[in-house]
Protein chains: 2
Amino acid sequence: MATVEELKLRVRELENELIKCKQKQCAMEDAHSQALNRPKIDKMSAEVVDSNPYSRLMALKRMGIVDDYEKIRTFTVAVVGVGGVGSVTAEMLTRCGIGKLLLFDYDKVELANMNRLFFQPHQAGLSKVEAAEHTLRNINPDVSFETHNYNITTMENFTHFMDRISQGGLEEGKPVDLVLSCVDNFEARMAINTACNELGQIWMESGVSENAVSGHIQLIIPGETACFACAPPLVVAANIDEKTLKREGVCAASLPTTMGVVAGLLVQNVLKYLLKFGTVSYYLGYNAMQDFFPSMAMKANPQCNDRYCRRQQEEYKKKEAERPKVEVVEEEEEVVHEDNEWGIELVSEVTDAELQAASGTVPDLPEGITVAYTIPAEEPTSGDTVEETEQSLEDLMAQMRKL
Amino acid sequence: MATVEELKLRVRELENELIKCKQKQCAMEDAHSQALNRPKIDKMSAEVVDSNPYSRLMALKRMGIVDDYEKIRTFTVAVVGVGGVGSVTAEMLTRCGIGKLLLFDYDKVELANMNRLFFQPHQAGLSKVEAAEHTLRNINPDVSFETHNYNITTMENFTHFMDRISQGGLEEGKPVDLVLSCVDNFEARMAINTACNELGQIWMESGVSENAVSGHIQLIIPGETACFACAPPLVVAANIDEKTLKREGVCAASLPTTMGVVAGLLVQNVLKYLLKFGTVSYYLGYNAMQDFFPSMAMKANPQCNDRYCRRQQEEYKKKEAERPKVEVVEEEEEVVHEDNEWGIELVSEVTDAELQAASGTVPDLPEGITVAYTIPAEEPTSGDTVEETEQSLEDLMAQMRKL
């Protein structure tokens with residue numbers, strides 16, 4: 001039987017041990033939260049001190065590259081697809097101090113993604129948008145994030161997606177400044193194209209080939225440049241859908257190098273477009289086997305199957321006609337310059353054999369231009385996707401044959 | 001005064017609380033260690049399952065791009081400079097499953113580095129090599145790491161650096177397979193050049209301009225292609241040294257985009273070189289303002305100031321002469337193809353005005369070729385650097401004037 005003295009001693013021991021345990025727990029929590037936070041910064045400073053995360057970006061003004069770098073904080077960009085290209089794209093924009101990012105993806109992080117930059121093994125199992133937001137907030141707490149863990153190609157989600165890109169700007173109710181397509185399949189590209197045509201939303205497309213050694217970026221200004229439905233040779237997409245891949249036990253190749261280069265070229269184009277410096281590229285390809293970078297631009301197709309694209313073209317024509325002549329001189333550069341000054345010609349991102357096998361029909365195209373992607377051999381089996389309300393694959397094939 | 005019963009109750013309460021506290025502590029520690037580890041993988045598998053981090057890389061074989069991807073595990077690469085380009089370079093190689101990485105840097109992580117990929121705010125204050133090793137081991141525990149937290153340009157460290165690149169291969173005593181220069185100053189580039197010429201070590205150079213909107217990569221095969229001392233126009237380096245910058249309160253600009261693209265092009269070239277696919281680039285530039293990618297190759301200069309370069313050239317000539325004629329047909333492609341098939345011409349990474357201000361003398365060069373970098377306006381003040389034992393800046397200037 002314990003005496004009062006013994007029990008008192010035991011209480012004191014336990015109290016001390018508990019205090020120590022709680023102290024250690026606090027220290028662990030502190031270290032954890034310190035690791036997750038730097039204080040927010042109200043105003044970007046150009047001061048050259050080690051503690052200023054914006055000094056090297058603000059130096060772009062002093063170097064005569066960008067007139068007003070701080071303006072980056074006023075922009076909102078939507079990134080659709082947070083995989084090999086989209087995650088690095090989001091990280092670059094976050095580190096550049098973009099105002100707000102909207103992230104859309106419905107996939108989970110897997111160890112099979114570890115051959116590309118950004119995600120880490122301990123994030124396996126988390127949704128990509130959740131894992132990305134956590135990492136990106138930690139890197140730059142000054143950026144606002146809005147994430148959507150869903151597939152934009154189903155009807156209900158598509159409506160919500162349209163709503164968010166037209167209302168989800170830095171100031172709620174204003175549209176985003178730019179939509180970036182970093183998806184890996186045909187349907188999602190068509191959904192983004194449909195939404196942006198209807199809203200008149202400027203966007204950029206990106207893609208990497210199934211063999212991992214080529215890719216491209218493309219700027220699409222509804223009504224002005226070719227949209228995804230206007231110009232099959234450049235935009236008829238489809239890397240094999242990730243879901244199909246998993247089902248069939250085949251697997252597209254990917255490399256952190258190609259995806260990093262494509263993300264870098266994409267975000268560079270975004271910075272040039274938003275901050276108005278350099279020449280914004282309309283189409284830039286990357287062929288890693290030969291280190292070859294085809295470049296071109298294409299006007300919108302008046303016979304485009306997408307009725308919103310045709311409507312945007314009419315509005316663009318009206319605006320162009322109304323513009324006073326004096327201002328035309330100060331115009332941005334012409335969209336179409338098919339004879340590019342470096343004599344560069346386009347190369348295919350797929351082999352002719354792959355193309356035949358995948359699409360059955362090779363479209364008749366001007367010399368030097370070949371398709372960038374193959375069309376999926378079979379129609380998508382999921383019935384409720386968005387692009388089918390606008391145009392079918394058959395329509396697209398018919399359109400390609402007409403070209 | 002407490003009774004025995006009261007004290008017993010208190011003991012039970014405290015014991016329960018302590019157990020809870022310890023359980024929570026264990027859970028935190030578990031989460032922490034889980035976050036840091038995935039098990040090592042003995043053999044790369046091509047199996048398409050979500051848990052296989054190599055499935056997308058092994059698919060390069062099925063896609064017909066790479067004959068033997070597993071061979072990546074037998075190679076060792078040294079990365080000198082773990083900043084904006086070097087850290088992403090190391091991450092890409094780690095995710096690709098390289099056998100061993102040697103990392104050299106003497107700098108610390110600062111918040112001012114957060115506008116580039118890779119490092120995170122909570123790492124501020126850590127040495128770059130230590131922080132990088134921690135993150136990279138976590139990403140891929142199958143890679144071996146060796147880190148050196150020192151400046152390679154001091155005499156003592158230079159000797160150690162030479163020793164490690166000639167002995168620090170995957171099998172100790174064997175040389176590394178490739179050295180990558182990702183440094184930001186002239187002296188360090190000259191030190192790497194000197195070491196690689198003496199050892200006959202193949203290496204690749206990389207660089208990004210002070211205004212953040214251009215960069216390049218270059219393959220240097222001692223005796224065969226121009227070394228860093230052979231060809232001032234392409235290689236006369238110097239971004240302002242980071243230390244000088246900090247002292248003088250000025251600051252070079254940098255962008256995650258440009259650095260990500262340069263790292264991607266560099267590691268792509270490394271993969272093509274090591275795994276023997278595609279065309280390895282001898283020189284590839286990136287001009288972000290125009291999305292323009294100049295490409296070329298240069299032979300070694302028989303009048304090079306570096307005596308080890310001249311010795312390597314003689315050995316190369318001897319080897320070429322001894323090679324049976326039959327094999328010449330199966331040779332890799334010729335190094336020099338000055339009339340490149342795309343009619344591309346080189347552009348400067350600096351303006352003419354910057355060049356004049358920085359170097360005083362503009363070298364006389366063949367049409368279409370201009371210097372990639374400016375030479376530092378003043379001589380480096382640190383006396384004990386390596387390149388001075390081989391050649392001075394004056395020698396280099398004299399050499400440039402001769403050209």
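This is a predicted model: local features need pLDDT of at least 70, side-chain atom pairs count only at pLDDT 80 or more; totals for chains, interfaces and linings use all residues.
The same surface serves both copies, with 100% of the contact residues of chain B recurring in chain A.

In chain A, the axes of helix H6 (residues 186-199) and helix H10 (residues 307-322) come within 8 Å and cross at roughly 35 degrees. The crossing of H6(A) and H10(A) is left-handed. Asn197(A), Glu198(A) and Leu199(A) of H6(A) make the contact with Tyr308(A), Cys309(A) and Gln312(A) of H10(A). Of these residues, three are nonpolar, two polar and one charged.

Over all chains, 30 salt bridges are counted. One of them pairs Glu17(B) with Lys22(A), with the closest N and O atoms 3.0 Å apart. Because Glu17(B) lies in helix H1 of chain B and Lys22(A) in helix H1 of chain A, the pair joins two chains. Glu17(B) is partly exposed, at a relative accessible area of 32%, and Lys22(A) is partly exposed at 40%.

Within chain A, Glu91(A) and Arg95(A) form a salt bridge at 2.8 Å between the closest N and O atoms. Both residues lie in helix H3 (residues 86-95), four residues apart, and both are buried.

In chain B, Arg189(B) forms a salt bridge with Glu205(B), the closest N and O atoms being 2.7 Å apart. This pair links helix H6 to strand S5 across 16 residues. Arg189(B) is buried, with a relative accessible area of 0%, and Glu205(B) is likewise buried at 0%.

Terms used: Residues are numbered from 1 along each chain as its sequence is written. Chains are lettered from A and ligands numbered from 1 in the order in which they are written. Side-chain values use heavy atoms; hydrogens and water are left out. Contact means heavy atoms within 4.5 Å. Axes are lines fitted to C-alpha atoms, for helices over the stretch in contact, and angles run from 0 to 180 degrees between N-to-C directions. A crossing is left-handed if the near helix is turned anticlockwise from the far one by less than a right angle, and right-handed if clockwise. Ala, Val, Leu, Ile, Met, Phe, Trp, Tyr, Cys and Pro count as nonpolar, Asp, Glu, Lys and Arg as charged, and the others, Gly among them, as polar. A salt bridge is a side-chain nitrogen of Lys or Arg within 4 Å of a carboxyl oxygen of Asp or Glu. Buried means under 20% relative accessible area, exposed over 50%, partly exposed in between (1.4 Å probe, protein chains only).
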